[in-house]
Amino acid sequence: MEVIIVKDRDEGSELAARRLRNRVSSKPASVLGLATGQTPELLYRKLTEWQDSDPVNFKQVITFNLDEYMGLENSHPESYHYYMTTHFWGPLGILEDQRFIPNGLSKDPQQECLNYEAMIQEKGPIDLQLLGIGRDGHIGFNEPMSSLGSRTRIKTLTESTRKDNAAAFSSKSEVPYHVITMGIQTILEASEIVMLAFGDAKAEAIKGCVEGPLTSVCPASALQMHPRCKVIIDEAAAKRLQYQSYYREVYEKKPSWQKAEFV
Ligand code: GLP
């Protein structure tokens, strides 16, 4: 796990956006795993803005989303389908047959999970998976006590996640209880993972993810098993980490060939 502590959200989003662009430049038919939430919004905005001055060809890219609420229409402003249309697929011109997201309206949700997992196996592996993190350490919608060997399936959200995500709905009672999410094992099969986290509210979860014991109590701790995972965090999210100064030193002393990943 490579922990990169940046000054703020802007610097972190820029680094992650550069990594993603580099991935797509060097492999135009990249398979990207994408996250939703407030965390990656600035990253997506930067990617979109850079297309005007220095375009990269996204035409062959295939995208898979981590998760979706069950029971929300695609046109619902809080559905992840709507989020992706607004922040990524629309602005970057990802065509319908190249973008995948679980269908939370499926009449047979269990079959939908199997189909989604099979589609990832068919088109994958995912070259680069972006992740955010919930305050309780969830990745995708893999809440605490999710099996570390899990694959795409239906999950029930915790009370705290429903509360955190309620801000964008008109009331908490509108937040669905059920979701479809890639599993932890599905996520771990990506060739490379980039996690982003900003702000005090994520400090506890980042502590568990980076330095905590490997445990399903903090699903993000499973990332410690991944051979190529970058965790890009601001100072507020890093504040509980024991080895902060070591992570900074590793990054400052990085050999130039490794720095090229972000150029
Ligand atoms: C949701 C999403 C996650 C996201 C998390 C954090 O639960 N399913 O993929 O990482 O929220 O969201 P935010 O970035 O808004 O803090």
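Glu-14 and Arg-18 are joined by a salt bridge, their closest N and O atoms lying 2.7 Å apart; a salt bridge here is a side-chain nitrogen of Lys or Arg within 4 Å of a carboxyl oxygen of Asp or Glu. The model is predicted, so local features need pLDDT of at least 70 and side-chain atom pairs count only at pLDDT 80 or more, while totals for chains, interfaces and linings use all residues. Residues are numbered from 1 along each chain as its sequence is written, and side-chain values use heavy atoms, with hydrogens and water left out. Helices (H or I, at least four residues) and strands (E, at least two) are DSSP runs, numbered from the N terminus.

**Salt bridges**

- The structure holds 19 salt bridges.
- Glu-14 and Arg-18 are 4 residues apart in helix H1, which means that about one helical turn separates them.
- Glu-14 is partly exposed, with a relative accessible area of 25%, and Arg-18 is partly exposed at 29%; buried means under 20% relative accessible area, exposed over 50%, and partly exposed in between (1.4 Å probe, protein chains only).
- Lys-239 and Asp-200 meet through their side chains in a salt bridge of 2.9 Å, N to O.
- This pair links distant parts of the chain, 39 residues apart: Lys-239 is in the loop between helix H8 (235-238) and helix H9 (244-252), and Asp-200 is in the loop between S9 and helix H7 (203-210).
- Lys-239 counts as partly exposed, at 48% relative accessibility.
- Arg-240 forms a salt bridge with Glu-204, with 2.2 Å between the closest N and O atoms.
- Here too distant parts of the chain are linked, as Arg-240 is in the loop between H8 and H9 and Glu-204 is in helix H7, 36 residues apart.
- Arg-240 is partly exposed, with a relative accessible area of 38%.
- A network of salt bridges links Glu-2, Arg-19, Glu-192, Arg-228, Lys-230 and Lys-254.

**The sheet**

- Seven strands are arranged in an open sheet with parallel pairing: the 7 strands have the order S1-S10-S9-S6-S2-S3-S5.
- S1 and strand S5 (99-100) stand at the edges, each with a single partner strand, so one side of each has no neighbour in the sheet.
- Two strands pair if DSSP finds at least two bridges between them.
- S1 and S10 run parallel and are joined by 5 bridges, with Val-3 opposite Val-231 in S10.
- S9 and S10 also pair in the parallel sense, over 5 bridges, and Val-194 has Lys-230 in S10 as its bridge partner.
- From S9 the chain crosses through H7 to S10 in a right-handed β-α-β crossover; right-handed means that, with the strands pointing away from the viewer, the path from the first strand over the helix to the second runs clockwise.
- S6 and S9 pair in the parallel sense over 3 bridges, and Leu-131 stands opposite Met-195 in S9.

- S9 is largely enclosed by the rest of the structure, because 5 of its 5 residues are buried.
- Both faces of S9 are covered, with Ile-193, Met-195 and Ala-197 buried on one side and Val-194 and Leu-196 buried on the other.
- In a regular strand the side chains alternate between the two faces of the sheet.
- H7 is mostly covered, as 6 of its 8 residues are buried: Ala-203, Ala-205, Ile-206, Gly-208, Cys-209 and Val-210.
- The cover over the buried residues of H7 includes S1, S9, strand S10 (229-234), H8 and H9.

**Nonpolar cores**

- A nonpolar core is a set of buried Ala, Val, Leu, Ile, Met, Phe, Trp, Tyr and Cys residues joined through side-chain atoms within 4.5 Å.
- The largest nonpolar core has 39 residues, of which Leu-20, Leu-47, Phe-58, Tyr-69 and Phe-88 touch the most other members.
- The elements that each supply at least two residues of this core include helix H1 (9-26), helix H2 (41-53) and helix H3 (80-92).
- H3 provides the largest share of this core, 6 residues.
- Another core, of 37 residues, lies apart from it and includes Phe-64, Met-182, Met-195 and Ala-197.

**Ser-146**

- Ser-146 is in the loop between S6 and strand S7 (153-156) and is buried, with a relative accessible area of 1%.
- Leaving aside neighbours within four places in sequence, Ser-146 is in contact (heavy atoms within 4.5 Å) with Arg-153, Lys-155, Ile-184 and Ser-216.
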